[in-house]
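This report concerns charged side chains and their surroundings.

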Amino acid sequence: MRNFRSDLAVEAHAFSGGADVPGVRVEQLKLSELTETVVEIVDERGSAALGKPCGRYVTLEGAQLAAAEPEISRVVVDRLAHTLSGMLPELGAVLVIGLGNRRITADSLGPRVVDGVLVTRHMRESMPPSLKGRLRSVSAVAPGVLGVTGIETAEIVGGIVDRVKPEAAVVVDALAARETSRICTTLQVSDTGIQPGSGVCNHRLGLSQETLGIPVIAVGVPMVVYASTIVRDALELLVEDMPSDGEDHTSALEEMVNRVVARRLGDLVVTPREVDERVRAMASLLSEGVNRALQSRLSAEEIPALMN
């Protein structure tokens with residue numbers, strides 16, 4: 001398999017042999033102008049091949065996901081809510097966690113989504129009669145990053161979980177993709193939790209059922225790609241355009257990419273110029289989908305009314 005960096009299961013599957021990967025099941029569904037792909041890693045063979053934990057990864061992708069027409073946006077919200085509902089316990093309190101650095105636009109998706117989540121844990125004592133029995137207890141936090149707080153994210157979240165005792169957690173974070181076309185056009189939901197900073201090789205203690213003791217559902221959108229992948233793609237195109245001499249240039253190409261990356265680029269990541277607009281749009285879609293999933297007994301009109 002070629003070297004590449006991606007948080008997306010669909011990309012890992014594509015670069016691991018496609019439909020013939022042992023221990024992996026894939027289903028695909030067309031939804032209007034969107035495509036929903038479910039990658040299920042069922043055993044250790046699939047986990048080793050894709051480099052990801054066993055579990056279910058649901059990916060929704062569309063060319064205009066971050067700037068969709070209202071009809072497409074409704075489909076995105078509906079599918080996100082449906083997917084989250086299927087992974088979460090039917091009842092019980094939920095903690096929503098927005099990972100990332102609010103001061104860096106491409107890494108601010110998680111905190112922005114938390115800003116749009118309907119938090120209700122504090123409303124139990126003052127709840128109007130019309131909402132009793134219909135409002136799920138939801139709390140939310142944006143714990144910041146280690147470089148700002150000096151505290152590991154898992155330590156902060158672990159303390160909150162011990163105190164609040166939710167039945168499950170929903171973690172939202174920005175991801176890294178292999179292909180530039182996937183930035184803000186792909187949404188992934190998985191039941192395997194998440195490792196903060198994994199997309200930019202800043203590995204930290206993961207947030208998962210193993211570390212927190214509760215189901216952890218991860219929601220993410222690619223916001224960056226590695227410059228090294230762009231260099232590799234450009235050099236591959238250059239090699240393809242050269243006259244064929246019957247030799248395999250794969251090793252030479254990899255060596256050239258490694259030299260360029262090591263000497264010039266390092267772990268440089270790239271994001272679009274209009275990333276601020278895309279982050280705002282994606283945060284709005286995600287927060288609406290999360291609210292719909294967590295407050296399934298409320299109407300689409302009641303949720304925003306309670307937030308104002």
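In which loop does Lys52 lie?

## A buried lysine

Lys52 lies in the loop between α2 (44-50) and β3 (55-61); helices (H or I, at least four residues) and strands (E, at least two) are DSSP runs, numbered from the N terminus. Lys52 is buried yet has no salt bridge, and Asp7, the nearest side chain of opposite charge, is 5.1 Å away. A polar atom of the Lys52 side chain lies 3.5 Å from the backbone oxygen of Asp7. Buried denotes under 20% relative accessible area, exposed over 50%, and partly exposed in between (1.4 Å probe, protein chains only). A salt bridge denotes a side-chain nitrogen of Lys or Arg within 4 Å of a carboxyl oxygen of Asp or Glu.

## Basis of the model

The model is predicted: local features need pLDDT of at least 70, side-chain atom pairs count only at pLDDT 80 or more, and totals for chains, interfaces and linings use all residues. Residues are numbered from 1 along each chain as its sequence is written, and side-chain values use heavy atoms, with hydrogens and water left out.

## Salt bridges

The structure holds ten salt bridges. One of them joins the side chains of Glu36 and Arg79 (3.0 Å, N to O). Because Glu36 lies in strand β2 and Arg79 in helix α3 (residues 70-87), this pair ties together parts that are 43 residues apart in sequence. Glu36 is buried, its relative accessible area being 7%. Strand β2 (residues 34-41) also contains Val38, which counts as buried at 8% relative accessibility.

Glu302 forms a salt bridge with Arg134, with the closest N and O atoms 2.8 Å apart. This pair links distant parts of the chain, 168 residues apart: Glu302 is in helix α11 (residues 302-307) and Arg134 in the loop between α4 (109-115) and β5 (138-141). Glu302 is partly exposed at 26% relative accessibility, and Arg134 is partly exposed at 25%. The side chains of Arg278 and Glu274 also meet in a salt bridge (2.6 Å, N to O).

## A positive surface patch

Arg121, Arg124, Arg163 and Lys165 form a positive surface patch. Patch residues have over 30% relative accessible area and no salt bridge, like charges being joined within 9 Å and nonpolar side chains (Val, Leu, Ile, Met, Phe, Trp, Tyr) within 5 Å. Arg163 is found in helix α6 (residues 153-164) and counts as exposed at 73% relative accessibility.

Note on methods
Accessible areas come from the Shrake-Rupley method with a 1.4 Å probe; for residues, only the protein chains shown count as cover. Lys and Arg count as positive and Asp and Glu as negative; His and the chain ends are not counted. The place of a charge is taken as NZ of Lys, CZ of Arg, CG of Asp or CD of Glu. A polar contact is a pair of N or O atoms within 3.5 Å; within protein, one must be able to donate a hydrogen and the other to accept it, and residues adjacent in sequence count only if both atoms are side-chain atoms.
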